[in-house]
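User: Hi! I'd like to go through how some labels were assigned in this structure. Could you set each value against its cut-off for me?

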Amino acid sequence: TSPNFLFKKPPFIGKYFLAQANIELNIWENDGFLFINDPFTKSDTKLEQVEEYGKWKLAISNSEISFEKDNDGNVNQLMFYQNVYLTKGESVSVFLEETIEKSGIKDGLKKYYDLKSNSCDEIIFSETSVNYLGHKYLRAGENSNAIAIFKLNAKEHPKSWNAYDSMGEAYMKNGEKKLAKRNYKKSLKLNPENENGIKMLKKIKKSR
């Protein structure tokens, strides 16, 4: 295992930021336990200390982190460790995005299924990469494209709690609270530990 991300910003409990990848981590305490938002599983998870290594393990993904200190003994960095395996090939999300930008979301979805029906070893049908593409459109304010992509991902991966969580987020940003609620509930049914889903359902309930 080797460190693949370096986050800078004190103190021990607080926010850590990796500017190059626009990733922010937040560490907080609740009932005597430390929690962190995992950037890879897109969920909040408890930290468990690995005594023999002086590291902390993320309960859901089993990734590990450690803290670095400056010359004054203050925590100023967080090191993120994860086993990373790269699969040879091109992600289907690349072709999906190219087609959407060229001729719209409808043709983009058609391209996905055309590629899938004629799949080859050089095209990777990754749930994660399609999900990231959906979030890219969501950050750009292109909510309808994001929703369509998240729908595709949920259809292709019906047992993925994260696909429904992302769709809930997209509907929420689009002002469609009923559909957001429905998808957050689906996400929690698949993963009752999804802290973001729990938090968002409470937020929707309070906004009535």
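User: Why is Glu169 called partly exposed?

Analyst: Its relative accessibility is 24%. Buried means under 20% relative accessible area, exposed over 50%, and partly exposed in between (1.4 Å probe, protein chains only), so Glu169 counts as partly exposed. A note on the source: this is a predicted model, where local features need pLDDT of at least 70, side-chain atom pairs count only at pLDDT 80 or more, and totals for chains, interfaces and linings use all residues. Residues are numbered from 1 along each chain as its sequence is written, and side-chain values use heavy atoms, with hydrogens and water left out.

User: What makes Lys173 and Glu169 a salt bridge?

Analyst: The term asks for a side-chain nitrogen of Lys or Arg within 4 Å of a carboxyl oxygen of Asp or Glu. For Lys173 and Glu169 the N to O distance is 3.8 Å, so the pair qualifies.

User: How many salt bridges does the structure hold?

Analyst: Five. Among them is Lys110 with Asp114, whose closest N and O atoms are 3.0 Å apart.

User: What makes Asp31 exposed?

Analyst: Asp31 has 69% relative accessibility, so it counts as exposed. Asp31 sits in the loop between β3 (23-30) and β4 (33-38).

Key: Helix = DSSP H or I, 4+ residues; strand = E, 2+ residues; numbered from the N terminus.
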